Amino acid sequence: MVNRVVGDEDIIQNSECDSGLDPQKVADGDFDEDGRSKRTGTVWTVTAHIVTVVVGFGVLSLPWGVAQLGWLAGVATLLVFGIITFYTSSLLAECYKSPVTGKRNYTYMQAVQTTLGGKMYMVCGLVQYAIVTGSIIGFTLTASISMEAILKSDCYHKRGHDASCQFSHRPYMIGMGIFEIFLSQVPNIDHVWWLSIMATLTSLGYSFIGVGLALATIISGHGKRTSVTGIEIGPGITPAQKIWRMFRALGNIALAYSYSLVLIEVQDTIKSSKSEIKVMKKANMAGVLITTTLYLSCACFGYAAFGNYAHGNMLTGFGFYEPFWLIDLANIFIVVHLVGAYQVLAQPVFSAVESQARRRWPMSKFVTAEYPVGIGNKTLNFSINFLRLTWRTVFVGLVTSVAMAFPFFNEVLALLGAISYWPLTVYFPVNMYIAQKKISPRTIRWFGLQLLNFVCLLVALASACGSVEGFGEALRIFKSPN
C-alpha cells in the first residue's frame with residue numbers, strides 16, 4: 001500500500017490557498033469555490049485511486065492468513081473487514097466538508113483537527129508517523145527478502161529444487177538503505193512523482209502474477225491439503241500457538257485494508273457538486289468490492305495451492321519454482337514497488353521535520369542554506385542542504401538497523417495491521433462522524449458505533465499480542481544453533 005502522508009506544512013499551504021481566492025477566476029470556471037484548480041474527478045477515477053492505493057505488499061501474506069484461520073473463518077474475516085472498511089469509509093466521507101460552513105478538509109489530519117480538536121490532532125499525528133516508520137521498516141525487510149528470492153529462484157532452476165540454495169538477505173537490506181539515502185536527498189515528493197506511478201503499476205503486477213501462479217498450481221492438480229479450520233493442532237503446533245497464529249492472521253488481513261489515511265485526499269479530487277459525498281460513497285463501494293475480490297482470489301487460490309503450510313510470503317517461500325523467470329519478474333516488481341513506496345511515505349515526514357526546523361532556526365545556514373552541485377563549469381539541477389543530508393541519512397540508517405534486527409515478515413505485517421487499522425480506519429472516522437452529526441450519547445446509534453469501535457479495538461489488541469508473541473518465537477528460532 002502506497003500512502004501520501006500529510007503534515008502541518010501541507011495544511012498551512014491549504015489555508016493560504018483559501019485566503020487567496022480570486023472571484024473572477026472562480027467565475028471563469030478555472031477554479032473551484034475554494035480557489036483551487038477545478039476538480040474533475042468522477043466515480044471511476046476515484047475508484048481507480050482507491051484500488052491503486054489499497055493493493056500493496058500486504059496481499060502477499062493473505063494465503064498464510066487463511067491457512068491459520070481455515071476456509072470458514074478466513075473467508076469470513078476477509079469479508080467482515082471489507083464490510084467494516086466500507087462502512088467506516090462512508091462515515092469518513094461525511095467529514096470532508098463542514099456541515100455548517102461548507103469548508104473543505106483537504107487531509108485526514110485536517111479533518112481530525114477541525115472535528116475533534118487539537119489534542120486528537122496531535123494523537124493522530126503520532127499514530128500516523130509511527131505507522132509510516134513501521135511501514136518503511138516493513139518495506140526494507142520485504143524488498144531485501146525479494147532480492148534474496150531472486151537468487152534462490154535462479155539457483156533452484158540451475159541446480160534443482162532439492163539443492164541447498166542458502167543466501168542472506170542482510171546485505172540487500174544494507175544495499176537498499178544506501179540506495180534510499182541517495183534517493184532521499186531529493187528535496188520533496190513532487191520530484192519523485194514517477195516513483196509513485198511505478199509503484200502502483202508494479203504492485204498490481206506482482207499481485208496478478210501471484211494469483212496466476214496459484215491458479216495454475218491448482219489446475220495442474222498439485223494443490224496441497226486444506227481444511228475448514230486451517231492448520232491443525234498436532235506435532236509442532238500447540239493449541240496456544242494455533243491461537244497466537246490466528247491473532248497474527250487477523251493483523252495481516254487488517255493491514256491489507258488499512259488505507260483510510262488517504263481517503264480525504266482522494267475525495268478532494270471529485271468534481272465540485274452537491275453530490276460529492278454520494279460519489280465518494282459509490283467509489284468506496286466499488287473500490288472495496290474490487291479489492292476484496294482480488295484479496296479473496298489471492299488468499300483462496302494461494303491457500304488451495306499451498307495448503308495448511310502456506311508460506312508467509314507467497315512469492316518468496318518457494319511454493320513456486322517454475323517458470324523461474326516469472327517468479328523473478330514478480331520479485332523485481334516487489335522491489336521496485338517498495339523502493340517507490342519508501343519515498344512516497346518518507347518524503348512528507350522528512351518535509352514536516354525540516355519545515356519545523358526552518359521555522360525554529362530561520363537564520364541557521366545549516367538548516368536553510370542550499371549549496372548547488374555542479375560538474376566542472378556546469379551546474380546540475382540539484383543542491384545539498386546539510387540538515388537534509390544529515391537528518392535523512394540518520395533516519396534511513398536507523399530504519400535499516402531496526403529492519404536488520406527484526407527480520408520477520410509476518411510478525412512485522414501483523415504488528416503494522418494492529419496499530420494502523422483500528423485508530424485510522426475505525427476510531428477516528430467513528431468519532432468524527434459522531435461529533436459532526438452531533439449524535440447524542442447513550443442513544444441506540446451511539447451505542448452501535450461505540451460497539452463497533454470496541455470490537456475492532458479488541459481485534460487490534462489481540463493481533464498486537466499475537467505479533468509480539470510471534471517476534472519472541474521467531475527470535476528463539478533465529479538464535480537457535482540448530
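Select helix 12 (residues 324–360) together with helix 14 (residues 386–405), whose axes come within 11 Å and cross at roughly 135°. Helix 12 is therefore oblique to helix 14, where angles under 35 degrees count as roughly parallel, over 145 as roughly antiparallel, 65 to 115 as roughly perpendicular and the rest as oblique. Axes here are lines fitted to C-alpha atoms, for helices over the stretch in contact, and angles run from 0 to 180 degrees between N-to-C directions. The helices themselves are DSSP runs (H or I, at least four residues), as strands are (E, at least two), numbered from the N terminus.

This is a predicted model, in which local features need pLDDT of at least 70 and side-chain atom pairs count only at pLDDT 80 or more, while totals for chains, interfaces and linings use all residues. Residues are numbered from 1 along each chain as its sequence is written, and side-chain values use heavy atoms, with hydrogens and water left out.

Staying with this pair, show the side chains that make the contact (heavy atoms within 4.5 Å): helix 12 contributes Tyr342, Gln347, Val349, Phe350, Ser351, Val353, Glu354 and Ala357, and helix 14 contributes Leu387, Arg388, Trp391, Arg392, Phe395, Val396 and Val399. By class, the contact of helix 12 with helix 14 has 10 nonpolar, two polar and three charged residues, with Ala, Val, Leu, Ile, Met, Phe, Trp, Tyr, Cys and Pro counted as nonpolar, Asp, Glu, Lys and Arg as charged, and the others, Gly among them, as polar.

Next, select Ser184, in the loop between helix 7 (170–183) and helix 8 (193–219). Ser184 counts as buried, at 0% relative accessibility; buried means under 20% relative accessible area, exposed over 50%, and partly exposed in between (1.4 Å probe, protein chains only). Beyond its neighbours within four places in sequence, Ser184 is in contact with Gln343, Gln347, Phe350, Arg392 and Val396.

Now turn to the largest nonpolar core, which has 109 residues, with Ile50 and Leu315 having the most contacts inside it. Such a core is a set of buried Ala, Val, Leu, Ile, Met, Phe, Trp, Tyr and Cys residues joined through side-chain atoms within 4.5 Å. Helix 12 gives the most to this core, with 13 residues. Centre the view on Ile50 and, leaving aside neighbours within four places in sequence, its contacts are Tyr259, Leu263, Val266, Met280, Ala283, Asn284 and Gly287.

From there, move to Val288 in helix 11 (residues 276–306), which is buried, with a relative accessible area of 7%. Not counting residues up to four places away in sequence, Val288 touches Gly82, Phe86 and Tyr259. A distance drawn between the C-alpha atoms of Val288 and Phe81, 207 residues apart along the chain, comes to 9.9 Å.

For another helix pair, select helix 5 (residues 108–116) and helix 6 (residues 118–159), whose axes come within 7 Å and cross at roughly 155°. These two helices are therefore roughly antiparallel to each other.

Finish in the loop between helix 15 (409–437) and helix 16 (444–479), which holds Lys438 and also Arg442. Most residues other than glycine have a negative phi, but phi of Lys438 is near 55° and that of Arg442 is about 65°. Lys438 is exposed, with a relative accessible area of 64%, and Arg442 is exposed, with a relative accessible area of 64%.
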